[in-house]
Number of protein chains: 2
Amino acid sequence: MSGEEGRVEALALDGIPEVVPGDDLGRLIGDAVERTAGLLPLRPDDVIVVTQKIVSKAEGAVVDLTTVEPRPEAVAFAERWDRDPRQIEVVLREARRVVRMEHGVLITETPQGFICANGGVDASNVGPESGNLVTLLPADPDASARAIREAIRTRFGTDVPVIVSDSFGRPWRWGITDVAIGVSGLIPIEDLRGTPDADGRVMKSTIRASADEIASAAELALGKIGGRPVAIVRGAQPLLGEGSIRDGLMPREFDLFP
Amino acid sequence: MSGEEGRVEALALDGIPEVVPGDDLGRLIGDAVERTAGLLPLRPDDVIVVTQKIVSKAEGAVVDLTTVEPRPEAVAFAERWDRDPRQIEVVLREARRVVRMEHGVLITETPQGFICANGGVDASNVGPESGNLVTLLPADPDASARAIREAIRTRFGTDVPVIVSDSFGRPWRWGITDVAIGVSGLIPIEDLRGTPDADGRVMKSTIRASADEIASAAELALGKIGGRPVAIVRGAQPLLGEGSIRDGLMPREFDLFP
């Protein structure tokens with residue numbers, strides 16, 4: 001991997017095994033970094049992107065649906081829209097607030113402050129023969145990212161920012177893209193307001209969600225099949241610092257779609 | 001640039017001059033491709049990403065604000081929120097529908113079907129000493145992409161998909177990311193519903209907005225300063241075909257945020 005100006009590379013790490021609750025993700029990712037040809041030494045313009053699923057699994061943020069008794073509202077919604085009432089129940093239990101619950105779509109605000117479909121509760125890829133398991137979002141995704149960053153810094157001596165990513169939909173556009181749900185070592189948005197653009201004009205409202213773009217670039221490398229849950233993005237030059245994903249959430253007073 | 005599985009690279013092209021109305025973008029981009037070290041030969045897994053501003057400028061989709069007489073509604077909104085009433089007027093003229101007009105934010109549905117802030121009307125980076133010029137969205141961004149694709153295919157003999165990108169905000173998240181507003185030679189979303197995931201479980205609702213992720217990866221390479229409006233993304237392996245960005249828009253019946 002190179003990394004000069006104007007070039008960004010995303011590389012999927014090989015050899016992350018099936019993750020189970022209690023696994024030391026920092027160690028597993030460090031092993032995969034060592035195993036991936038041409039990656040070492042890590043560089044300060046690298047970003048490690050870790051997808052939510054393995055973070056939730058390692059942290060035990062998993063629910064066995066056979067233990068869930070859905071409330072009548074969940075049963076009715078699930079029957080009408082051909083969904084699993086137990087998953088709806090889990091989403092409602094986790095929700096700080098229901099934003100929309102119609103047309104088969106359940107959008108909630110999570111305890112972490114994300115507004116997303118199904119509150120980030122996810123059924124696919126939880127593990128072999130695990131048809132009844134769903135993952136919840138990590139309780140504190142910034143802390144999840146920080147723990148991985150510290151493990152990598154201790155092992156390799158390089159301070160590399162870490163993003164925990166997840167796949168979110170967006171109003172008005174079809175399909176999901178990967179965004180950041182936790183960060184450590186970078187500022188997730190870059191406020192370019194007041195910075196002159198190429199013509200010397202002062203840009204009034206350019207706030208760039210860099211961490212989300214890095215998460216999307218990582219997803220392109222991780223591909224469609226799964227089984228490769230961690231990528232390194234090199235050369236994106238995010239703003240380094242002790243940021244939080246909370247800085248990437250729209251302040252409530254600007255939310256025109258409550 | 002390499003391009004094996006699990007690796008995606010985005011490279012900003014050098015040497016696109018200031019674009020003016022009537023410029024032949026396909027030729028300018030072809031020149032830049034030839035000028036960029038290590039890029040040729042183009043590969044079938046390349047995607048050319050062209051940012052909206054130069055497409056609009058080449059096509060003459062530019063309005064001189066000194067010719068615009070704002071309606072009273074535009075004047076009142078602009079005064080209240082410290083904005084340019086003439087730009088508000090242009091957005092309202094272009095709009096098929098006003099989605100939100102409050103808190104200084106004007107979100108409209110454009111004739112192309114996009115729902116976005118200011119209807120895609122953009123004031124920054126239009127050119128030196130051009131404080132009164134704004135760009136509109138290209139009238140038919142798929143056609144803009146197709147013309148560039150055809151010019152590249154004719155010149156280099158390789159059929160490379162083209163994305164026209166723009167920077168859009170999203171509800172609930174702070175900051176903008178680049179998304180696709182026009183495509184040629186690829187399908188902007190990949191419907192993975194019914195495809196088994198890594199555990200062999202059938203995924204129910206994974207529709208991936210690949211073109212948007214490619215646009216975001218390109219933006220990371222194009223960086224913050226401007227002046228580099230075109231990137232090549234290699235290795236993303238989008239679904240090839242004669243797609244339209246209309247396939248990437250959420251059908252009206254699923255729009256929970258009208």
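**A helix pair in chain B**

Guide: In chain B, the residues B:Ala74, B:Val75, B:Phe77 and B:Ala78 of α3(B) meet B:Pro85, B:Ile88, B:Glu89 and B:Leu92 of α4(B). Two residues are in contact if their C-beta atoms, placed from the backbone, lie within 7 Å. Helices (H or I, at least four residues) and strands (E, at least two) are DSSP runs, numbered from the N terminus. The residues of this contact between α3(B) and α4(B) comprise 7 nonpolar, no polar and 1 charged. Ala, Val, Leu, Ile, Met, Phe, Trp, Tyr, Cys and Pro count as nonpolar, Asp, Glu, Lys and Arg as charged, and the others, Gly among them, as polar.

The model is predicted: local features need pLDDT of at least 70, side-chain atom pairs count only at pLDDT 80 or more, and totals for chains, interfaces and linings use all residues. Residues are numbered from 1 along each chain as its sequence is written, while chains are lettered from A and ligands numbered from 1 in the order in which they are written.

Two packed helices are described by the angle between their axes and the distance between the axes. Helix α3 (residues 72-81) of chain B packs on helix α4 (residues 85-94) of chain B at an angle of about 130°, and their axes are 8 Å apart. Axes here are lines fitted to C-alpha atoms, for helices over the stretch in contact, and angles run from 0 to 180 degrees between N-to-C directions. That angle makes α3(B) oblique to α4(B); angles under 35 degrees count as roughly parallel, over 145 as roughly antiparallel, 65 to 115 as roughly perpendicular and the rest as oblique. The crossing of α3(B) and α4(B) is right-handed, where a crossing is left-handed if the near helix is turned anticlockwise from the far one by less than a right angle, and right-handed if clockwise.

Helix α1 (residues 25-35) of chain A and helix α5 (residues 141-156) of chain A cross at roughly 50°, and their axes come within 8 Å. That makes α1(A) oblique to α5(A), and the crossing of α1(A) and α5(A) is right-handed. On α1(A), the contact is made by A:Leu25, A:Gly26, A:Arg27, A:Ile29 and A:Gly30, and on α5(A) by A:Ala147, A:Ile148, A:Ala151, A:Ile152 and A:Arg155. By class, the residues of the contact of α1(A) with α5(A) are 6 nonpolar, 2 polar and 2 charged.
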